[in-house]
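Hi everyone, thanks for making time this morning.

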Amino acid sequence: MAISAAVVVATLVTGLKDRRALQEKFGLGSGANPAPELLMMGRIKPADAPAGSSEFNAETVADKIEAITSAPASTPDTREPDTAAEQPAAPQSDMAQTDAPPDQVSPPMVSEPPAPQQAGGPPPAIDESALRYFASRGDKVRLQAEISRLQALYPNWVPPADPLAVPQNGDKQLEAMWRLYSDGRYAELRKAIADRQATNVGWQPPADLIDRLGVAEARSRLINASDLKQYATVVDIAAATPSLLTCGEIDVLWRVAEAFIRTERAQRGQDAYTYILKNCTDPAERQATVEKASTLLDYQPMQVLLAMEKPAIDGSREFDAIRDNLARRFVAESNDDPKLTIAPDHIARLERLAANQGLASDALLLGWHQLRRNNPPDAEKWFRAARAKEDTAAASQGLALALIARKAPQEAEDVMFRWRADSDDATATYLAATANLMALQPPADLTEDVLHRIAAEVIARKHVPTAQQFGWYARSLNQFQTAARWFEAALAWKPDDEPSAYGLAVTREQLNDRKGVFDLQRAWAGRSARIANLRDTSLPVSNAGTPAKQPLALQQPVQPEEPPQHPTARTEPPPADPRAGRQPEPEVAVRAARPAMQAVTVERGPRQARGCSTTIDAGRLRPGEALSRGWCLMDINRPMEAVSAFETALQSPARKIREDAAYGQSLAYLRAGLSSNAAVAATKAPQSRQRAAELQVAILGDRALSAFDAGRYRETLIYLDQRAQLQQERIDLMVLRGYCYLNLKMYDDAMRILEAAAATGNRDAARGLADVRNVIHPEVNN
């Protein structure tokens with residue numbers, strides 16, 4: 001009884017120590033002591049191993065046992081494993097050690113230095129019944145685990161050379177219990193124990209069996225909770241059963257690591273993977289650990305795990321077999337996050353794979369990687385390679401975006417036409433290519449077939465940007481009635497599209513449709529200064545080089561459409577409006593019908609020189625002529641051509657011409673929506689204080705509008721504050737400021753600003769004030 005008590009105490013002490021270590025290592029408990037290394041379920045050879053002994057080879061013993069148990073026996077062995085509680089096991093004799101081969105004598109496995117035994121004390125009674133049972137069944141994994149456990153409990157214990165030779169008693173009921181445990185029938189085992197205790201008062205099952213049963217049940221609950229994605233329960237079970245967190249339970253460690261990550265404790269999950277790579281030695285399990293971690297951890301934590309690989313004897317690295325797939329995963333992750341910078345080694349490896357294996361998927365990954373980092377030439381190279389291997393919508397879309405980026409929308413339209421209806425992304429990319437194609441300056445020379453198919457697709461999709469650009473394109477060909485029809489179509493699909501309204505206004509002006517111009521000015525009163533201040537764009541330019549009525553107000557430019565920069569981008573079609581046009585149907589390149597539009601093909605008329613409507617190389621002009629042409633191009637809303645003309649004028653030796661050219665180039669850039677370029681252009685020549693202030697005010701106003709459209713309301717307020725220091729804030733900008741406060745939930749400030757603006761009679765301010773009141777007091781408005 002004393003010996004049995006000693007065994008139980010030793011088991012409890014060891015278990016408590018392991019529990020504390022495991023809890024502190026993974027953060028499962030709240031212990032204050034430093035976290036020691038977890039118990040590693042492998043062989044650790046102690047420094048004080050007995051002389052002449054070598055490492056115990058469980059695989060050799062298990063193979064021998066398997067051969068013995070698989071051979072036909074003349075008489076079945078019906079003896080049962082012994083228990084320490086009922087019959088102490090016989091001490092190992094010298095003969096047993098002598099008969100064992102030298103390589104089958106195992107040193108003990110320890111997690112910390114064991115307490116020294118008292119000299120001359122009686123040897124402890126060791127329960128080897130489980131050892132013999134697992135050996136009899138040929139269970140190599142459980143046999144090794146049991147040997148490791150006994151070595152940890154009894155450092156001086158030497159495993160028997162033949163576990164089958166361990167004596168057993170005739171307790172058939174206990175043998176049946178071990179069999180139930182081995183088969184995983186834990187509920188039946190619990191019932192068998194309870195039944196025997198009920199019929200045999202005073203009988204107690206072996207402590208080892210109870211401990212193993214508890215751990216096995218905990219393992220089952222943990223796996224079940226993991227399969228059901230109950231990750232908090234997984235962590236709780238692991239905290240209560242730290243003996244599961246060993247290299248012998250690698251699947252449990254993987255599940256616990258995943259549970260930590262799924263419960264937003266990524267560092268704890270990384271610690272679990274780190275523990276495996278530091279302590280576990282099985283190569284397949286280590287490689288699987290890295291693969292599993294790569295699906296859950298971000299790029300940076302994965303680099304920490306990869307740094308823990310072990311070098312091979314031949315100079316290779318441990319994880320070389322999976323580095324190709326890891327490189328693909330890392331590049332894909334960087335494509336989702338353009339701010340992520342990955343090591344050049346991963347890019348180089350993927351480039352080698354794409355070159356050697358020729359997979360279209362690898363080339364696509366590299367193409368998107370380069371495109372997302374504003375490197376269109378390299379992106380184009382990889383997209384072309386992918387398309388050469390397999391012409392898919394993704395490869396064509398990437399190539400089209402790269403072509404648009406390098407200002408080759410005509411080829412982009414041709415590449416994407418086949419795939420335009422493959423997906424929403426493909427449609428958005430094709431329409432972006434058409435908008436950029438129609439906005440080219442000088443206008444592209446397109447065939448009738450291309451014009452017809454673009455027009456048909458734009459009408460079918462009701463795509464406002466391309467319809468608007470069709471209008472400007474028709475104006476460049478002096479087909480003003482066609483241009484008016486396209487502007488009207490764009491406004492029918494999107495009534496609040498100010499650039500289309502402006503294009504329609506100047507076109508009606510040139511068609512001498514004074515009533516139509518007046519109707520537009522009345523409809524856009526208070527919303528567009530350039531429509532309200534519209535003048536005849538056919539007026540000649542003054543001899544001084546500056547238009548007689550050059551407006552200084554900031555104007556909304558007509559810009560090419562920005563294409564989506566990734567397959568996940570979306571371009572939603574604008575809402576349709578059945579509004580009918582007022583002009584009669586002319587014979588034009590694309591005829592507008594109400595309520596639908598039908599594309600028809602007619603011969604294109606020759607271009608007629610009218611003012612600056614023809615396209616010439618501004619670099620061949622004298623500086624004074626280039627300056628006049630620049631102002632003329634600004635009149636007909638061709639700002640990017642005006643930029644080139646003003647650039648030529650900047651080469652003039654005359655200070656006045658250079659000053660006017662820098663001023664005009666700044667205005668052209670502002671009209672094109674390029675406020676940063678406008679700021680640079682303003683510095684190319686000295687400006688008067690008045691002009692410098694005007695440009696600064698216009699630039700700050702443009703930046704405020706851009707920031708507001710992008711939803712950056714705090715940045716908008718900063719630009720408005722800077723502008724207000726230079727010039728009194730206009731009513732429309734006060735309304736913009738009020739809406740910024742509203743979006744930032746600064747309702748008192750929004751109310752104050754919008755009340756002041758609404759007092760002037762501004763309708764936008766009144767609507768904004770109503771919006772604020774509706775947010776503050778919804779019940780009153782309801």
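This is a predicted model: local features need pLDDT of at least 70, side-chain atom pairs count only at pLDDT 80 or more; totals for chains, interfaces and linings use all residues.

Let's begin with helix α5, which covers residues 140-153. How far apart are its end C-alpha atoms? They are 20 Å apart. That agrees with expectation, because 14 residues at 1.5 Å a residue should span 20 Å. If you look for the buried residues of α5, you will find L143, Q144, E146, I147, S148, L150, Q151 and L153.

Now for the charged side chains. As a reminder, side chains of opposite charge can pair when their charged atoms come close. How many salt bridges does a search of the whole structure find? It finds 43, and I've picked a few to show you.

Take K191 and D195. These two form a salt bridge, and their closest N and O atoms are 2.9 Å apart. Both residues belong to helix α7, residues 186-199, where they sit four residues apart, about one turn of the helix. D195 has a relative accessible area of 37%, so we call it partly exposed.

My next pair is R384 with E411, whose side chains meet in a salt bridge at 2.8 Å, N to O. This one links distant parts of the chain: R384 is in helix α17 (residues 376-389), E411 is in helix α19 (residues 409-417), and they are 27 residues apart.

R712 is partly exposed, at 41% relative accessible area, and E715 is partly exposed, at 26%.

There is a network to look at as well: salt bridges link E309, R317, D320 and R323.

On to the cysteines. A disulfide is a covalent bond between the sulfur atoms of two cysteines. A search of the whole structure finds one. Which cysteines form it? They are C247 and C280, with their sulfur atoms 2.0 Å apart. C247 lies in the loop between α9 (231-240) and α10 (250-262), and C280 in the loop between α11 (266-279) and α12 (283-294), so the pair ties together parts that are 33 residues apart in sequence. The link is left-handed, with -90 degrees about the S-S bond. C247 counts as buried at 10% relative accessibility, and C280 counts as buried at 3%. While we are on cysteines, C740 is buried as well, with a relative accessible area of 0%.

Last stop: helices α34 (residues 747-758) and α35 (residues 763-776). Their axes come within 8 Å and cross at roughly 150 degrees. Angles over 145 degrees count as roughly antiparallel, and therefore α34 and α35 are roughly antiparallel to each other. Their crossing is left-handed.

That's my tour, and I'm happy to go back to any part of it.

Conventions: Residues are numbered from 1 along each chain as its sequence is written. Side-chain values use heavy atoms; hydrogens and water are left out. Helices (H or I, at least four residues) and strands (E, at least two) are DSSP runs, numbered from the N terminus. The expected span of a helix is 1.5 Å times one less than its number of residues. Buried means under 20% relative accessible area, exposed over 50%, partly exposed in between (1.4 Å probe, protein chains only). A salt bridge is a side-chain nitrogen of Lys or Arg within 4 Å of a carboxyl oxygen of Asp or Glu. A disulfide is a pair of cysteine sulfur atoms within 2.5 Å. Axes are lines fitted to C-alpha atoms, for helices over the stretch in contact, and angles run from 0 to 180 degrees between N-to-C directions. Angles under 35 degrees count as roughly parallel, over 145 as roughly antiparallel, 65 to 115 as roughly perpendicular and the rest as oblique. A crossing is left-handed if the near helix is turned anticlockwise from the far one by less than a right angle, and right-handed if clockwise.
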